[in-house]
Each structure stands twice: as structure tokens, then as C-alpha cells.
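Please walk through this model with the sequence and the 3D view side by side.

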Amino acid sequence: MKKWVLGVVLTVMASTVLASEDECALFLCLPGGFPSGCSGAYSAMIDRIKDFKPPLPSFSVCPDAPPNSGVTSNSGYAARIGHGERWVKGTRCMRYGGDRVRVDPPGCTATGYFGEVYSDGKRIGDTYYFIP
């Protein structure tokens, strides 16, 4: 029984993959809109999306993350409305119909992503919207 439990613990530990330095930098770079010096973090975010992962990793898999830090993130799809800065979080552009095309949400022109970083439940910086 002890060998079985030890085997399970070792398997779980081995399956926990730590995030890269650039992935962990997302928690600093994204709230500031990727200022100078954050190109590696931006590339890591795009690579995560291409690998069908969320734009941000869990903060707990960052090597230097203190336990119970209260740092979390929220990310997902976002629909861009028109060609401006209006976005709808949590949805994609959908087109319906044959000859009479209906777009939902109305005015949607592209599907992109959003990312947000929180500390103890309070959002840090602005929501970041992007189309890779």
C-alpha cells in the first residue's frame, strides 16, 4: 500500500510542469499592456494559444510564486465590435443564415482573446484584448 501511495505522489509531482520565465512574466506585463521589455512574455502568450492553452498559466506553476499569493487570472475569447476598442468578453463572433447573414453579437467583426490579472480579487491594470 505504501509503495502505491508513493507511486501516485511521484506521478502527480512529475506531471506538474513549471511555467517558463516568459510565461510567468505575463503576470507583470499583461496588466501594463506589454510595455518595453515584455516581448518575450507576449510571444509566450501567443505560443500558449497556438498550443491550445489558456493565454496565461496558473500563477502557482511559476517557480518563484509564493504559496497562497492571491494572484489569479481570467482569460478567454472576446468578440471585437466594429473596428474600435469595444469588446465583449467570453464570446466569439458567430455568423448565421445563408443569404441573410446575421452576426452575433451584433456588429462583431473579429474573435480575439482577453486577459486579466487579479491580486486578492482586485483586477490589476486594464483588461488586455488582442487578436493574435
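**From a hairpin to the sheet and its helix**

In the hairpin formed by strand 1 and strand 2, 4 residues lie between the strands, and G82 among the residues of this hairpin has a positive phi near 65°. This is a predicted model, in which local features need pLDDT of at least 70 and side-chain atom pairs count only at pLDDT 80 or more, while totals for chains, interfaces and linings use all residues. Residues are numbered from 1 along each chain as its sequence is written, and side-chain values use heavy atoms, with hydrogens and water left out. Helices (H or I, at least four residues) and strands (E, at least two) are DSSP runs numbered from the N terminus; two strands pair if DSSP finds at least two bridges between them.

Strand 1 and strand 2 are antiparallel and share 4 bridges. I81 stands opposite R86 in strand 2, and its bridge partner in strand 5 is C108. Strand 1 (residues 71–81) is joined to strand 5 by 11 bridges, again antiparallel. Strand 5 (residues 108–119) in turn runs antiparallel to strand 6, with 6 bridges between them; V117 has I124 of strand 6 as its bridge partner.

Together these give an open sheet of 4 strands in the order 2-1-5-6, with antiparallel pairing. Strand 2 (86–89) and strand 6 (122–130) are at the edges with a single partner strand each, so one side of each has no neighbour in the sheet. From one strand to the next the twist averages 30°. Axes are lines fitted to C-alpha atoms, for helices over the stretch in contact, and angles run from 0 to 180 degrees between N-to-C directions.

Helix 3 (residues 39–50) packs on the sheet, touching strand 5 and strand 6, and its direction makes about 65° with that of strand 6. Contact means heavy atoms within 4.5 Å. After helix 3 comes F52, with a positive phi near 60°.

Where does E23 sit? E23 is in helix 2 and is buried, with a relative accessible area of 12%. Neighbours within four places in sequence aside, E23 is in contact with A44, R48 and P57. The E23 side chain also reaches the backbone nitrogen of S20 at 2.8 Å.

Methods:
Buried means under 20% relative accessible area, exposed over 50%, partly exposed in between (1.4 Å probe, protein chains only). A polar contact is a pair of N or O atoms within 3.5 Å; within protein, one must be able to donate a hydrogen and the other to accept it, and residues adjacent in sequence count only if both atoms are side-chain atoms.
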